[in-house]
Amino acid sequence: MIAACCAVAGAGLTACEDDSGSSGSFHEGLLAGTKKIDVEGRSVNVSCTGDAMEGKPVIVLMPGLGDGMDKMAALQKTLSEKNWVCVYDRLGEGKSDKPNGPQTFASSGKVLTAVLARVTAGRPVVLAGHSLGGLIAARYAPDHRDKVKGLVLLDATTPNSVADIKKGIPASATGPAAQLRAQTLAVDAGNNPEMLAITDGKVRSAGNIPVEVIQHGKKYLAAVPQYGPRLERDWAAGQHKWLAISSRSKLSTATNSQHYIYVDQPAIAVQAIQRVAASVK
């Protein structure tokens, strides 16, 4: 059962009921609670909670590939004590609809634009993305400087991840390494829940916005010992490349974390996001 709530002019989007059947409430024009919103005929699951004090930016969390917004529930809860925090399931993830067909970074970005139009009420935005969510955020920010005023990249997928896997594990590899190469390239080609083709690209500037890039410190490619060190070096080099996204970028290492930094060392993720949010003018 879907109840028509509020349509946003020009956004092509309508707020709908959450799973409990409640039409929900809005705080100072901001979507509050967990809702389904319509984006060009597809249902997108969104959750917003926290302290919506005027003057603060809206923090939008972006999970990695294969993760719904529930994966970031603990991070959202902690950040919500001092900030207004939203997270959404991209098409193909969590409780959002599957995409109509193959996606690109441009089409995924259109969904993000529609979500921001609904949840931010014109406030500045800090995007905090993990893994693929970080890559999408980093690709999105340069073209949306009017909205995105800060970035936190939590072990974000690197700008040259496709080339790195091809160079890091040669086509002649066998065994687990060959399987890893084939599986990764298949995922990159769009064989993933979001049907998103993951492509390499140059790092473009998003202006003079505060950016924190955090990379994992624990090595986790022991399953392919012959190629693991090269892959780790390329991943670390890719994190350095993200610094070019802003003249105010900072790189740090979560020394006791593997890929899921916000799970392994949540305080590091929380503090970085709070610092960036506090730096937004």
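Predicted model: local features only at pLDDT ≥ 70, side-chain atom pairs only at ≥ 80, totals over all residues.
An α-helix has 3.6 residues a turn, so residues three or four places apart point the same way.

## The loop that carries M53

M53 is placed in the loop that runs between strand β5 (42–50) and strand β6 (58–62). With a relative accessibility of 48%, M53 counts as partly exposed, because that class covers values between 20% and 50%. The C-alpha atom of M53 is separated by 7.7 Å from that of N83, although these two residues are 30 residues apart along the chain.

## Aromatic rings and charged side chains

Across the whole structure, a search finds 1 aromatic pair. Charged side chains also lie over aromatic rings: K71 is placed over the face of Y260, at 4.7 Å from the ring centre, and R139 is placed over the face of F105, at 4.6 Å from the ring centre.

## Confidence of the model

The pLDDT averages 89 over the chain, and 89% of the residues score at least 70. Over residues 1–26, however, the pLDDT is below 50, and this stretch has 52 contacts in the model beyond near neighbours in sequence.

Conventions:
Residues numbered from 1 in each chain as written. Heavy atoms only, no water. Helix = DSSP H or I, 4+ residues; strand = E, 2+ residues; numbered from the N terminus. Buried < 20%, exposed > 50% of the residue type's maximum accessible area, 1.4 Å probe, protein only. Phe/Tyr/Trp six-rings, centres within 6.5 Å; stacked < 30°, edge-to-face > 60°. Lys NZ or Arg CZ within 6 Å of the ring centre and 35° of its normal. pLDDT = per-residue confidence, 0-100. Contact = heavy atoms within 4.5 Å.
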